[in-house]
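Colleague: Before I use these labels, I would like to hear what stands behind each of them.

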Amino acid sequence: MTAHETTIHNTVTDVNANQWNNLVTQSDLGTVFHRHEWLQAVEAGLDRPAYHAVVTKGSNPIAVLPTVLVPVAAPDPADVPGPNRIVEATASQLPTDRLVSLHPGTGGPVIATDHEASLDAMLSALTTAAPRQALSHKIRTGNPAQNRYSKYLIGQGYESTVTSCRLVLDLAPGWERIKSGMDRTRRTELHSDAVTVERTDLGGPTLASVHADYVQNMQRIGADSFPMAFFEALAEHMDDRIEVFTARRDGDTLGRHICIVDEEQSSLRYYFSAVPETSAYEYGTSEKLHGAAIQWAIDAGFDSYDFGATGADFRDGLFTYKSQYGPAVCPIVQWDRGLSAVAWRAFKFGRRLYREQNY
């Protein structure tokens, strides 16, 4: 019987791309965020130290758990601003980083066989390899099938939380039925003939303006943004998995939505908005962009359109806005385990105080 070998890799390029992607593609757990190219973009564009756990049998990987080291308060579209940042204000002596699978994006293990043995090996290897400044190990899932590991992870000392969610639209009914199920306000904005939408490229001379509009949009909603280097890395490594929808009026560009093609889950994922405030409301730009992307995804044969992550809070304006398109709520389950008992207790105490005052 061939023995298993577990290794931690500081870059995904250490592992054969075809073998890695084949494992991701063949598993029902795999998403676009598990792919070799996405991890290359994260490593190159965000300069985040990698701790990718891989179990091999013979020369073939049978399990992977892509993981990066990120600041505790690092921004991500799927994070809820606030709770983690309590560390900065009240516990400055705590470790400042954490191992996350995955950030940005969502992760979790992808395992072909020998599930329990592979999980045991990967989690043990990550704990051993974790640097001193790592506060915890977090697994952030965007695929409901990952919930099969919930009881196992709780048994290993992980705590589960759901503070954010994805809003996912089933495309099976077709465009007309989907549109009729939307809130009247959203439908009204879709009827504007003054705005047209076309598919364009992410790279090239427009990349700088796309990023500038994205940063402006993030500032408008009070959120942190990713650097230009990450957009450049996406254009380089993820070109065939990126769809850009550009809205125009009288020849002028009103804004863009950047979507990620997740063939593994048969979904088009809305991920970045580059719509300046000047055109965000006046022309129904966002509605037209979402509408065009939904229709393209239907024509391309995808099962769902993912409006992206937001806080799991019915009181939140972004949650309400996305809900008006008629999507289902898909929880983003997070499992977290402290790597230092003392630091972890202090962190959880600070987080609890924050939540009591703000939730």
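This is a predicted model: local features need pLDDT of at least 70, side-chain atom pairs count only at pLDDT 80 or more; totals for chains, interfaces and linings use all residues.

Colleague: What makes Asp 336 and Arg 98 a salt bridge?

Modeller: The term asks for a side-chain nitrogen of Lys or Arg within 4 Å of a carboxyl oxygen of Asp or Glu. For Asp 336 and Arg 98 the closest N and O atoms are 2.7 Å apart, so the pair meets the definition. This pair links distant parts of the chain, with Asp 336 in strand S14 (residues 328-338) and Arg 98 in strand S5 (residues 97-101), 238 residues apart. Helices (H or I, at least four residues) and strands (E, at least two) are DSSP runs, numbered from the N terminus.

Colleague: Why is Asp 336 called buried?

Modeller: Buried means under 20% relative accessible area, exposed over 50%, and partly exposed in between, with a 1.4 Å probe and protein chains only. Asp 336 has 5% relative accessibility and therefore counts as buried. Arg 98 has a relative accessible area of 2%, so Arg 98 is buried too.

Colleague: How do you know that Arg 241 forms a salt bridge with Glu 264?

Modeller: Their closest N and O atoms are 3.0 Å apart. Arg 241 lies in the loop between H9 and S10, and Glu 264 in the loop between S11 and S12, 23 residues apart. Arg 241 is called buried because its relative accessible area is 6%; Glu 264, with 17%, is therefore buried as well. Salt bridges that share partners join Arg 35, Glu 37, Arg 241, Glu 263 and Glu 264 into one network.

Colleague: What is the distance between the closest N and O atoms of Glu 264 and Arg 35?

Modeller: It is 2.8 Å, and the two form a salt bridge. The pair spans 229 residues, from Arg 35 in the loop between H1 and H2 to Glu 264 in the loop between S11 and S12. The structure holds 15 salt bridges.

Colleague: Why is Lys 322 listed without a salt bridge?

Modeller: Lys and Arg count as positive and Asp and Glu as negative, while His and the chain ends are not counted. The nearest side chain of opposite charge to Lys 322 is Asp 306, 7.1 Å away. Lys 322 sits in helix H12 (residues 317-323). Its contacts (heavy atoms within 4.5 Å) include Leu 167, Tyr 270 and Phe 307, not counting residues up to four places away in sequence.

Colleague: What angle do helix H1 and helix H2 make?

Modeller: H1 (residues 17-26) and H2 (residues 36-46) pack at about 115°, with axes 9 Å apart. Axes are lines fitted to C-alpha atoms, for helices over the stretch in contact, and angles run from 0 to 180 degrees between N-to-C directions. Ala 17, Trp 20 and Asn 21 in H1 meet His 36, Glu 37 and Leu 39 in H2.

Terms used: Residues are numbered from 1 along each chain as its sequence is written. Side-chain values use heavy atoms; hydrogens and water are left out.
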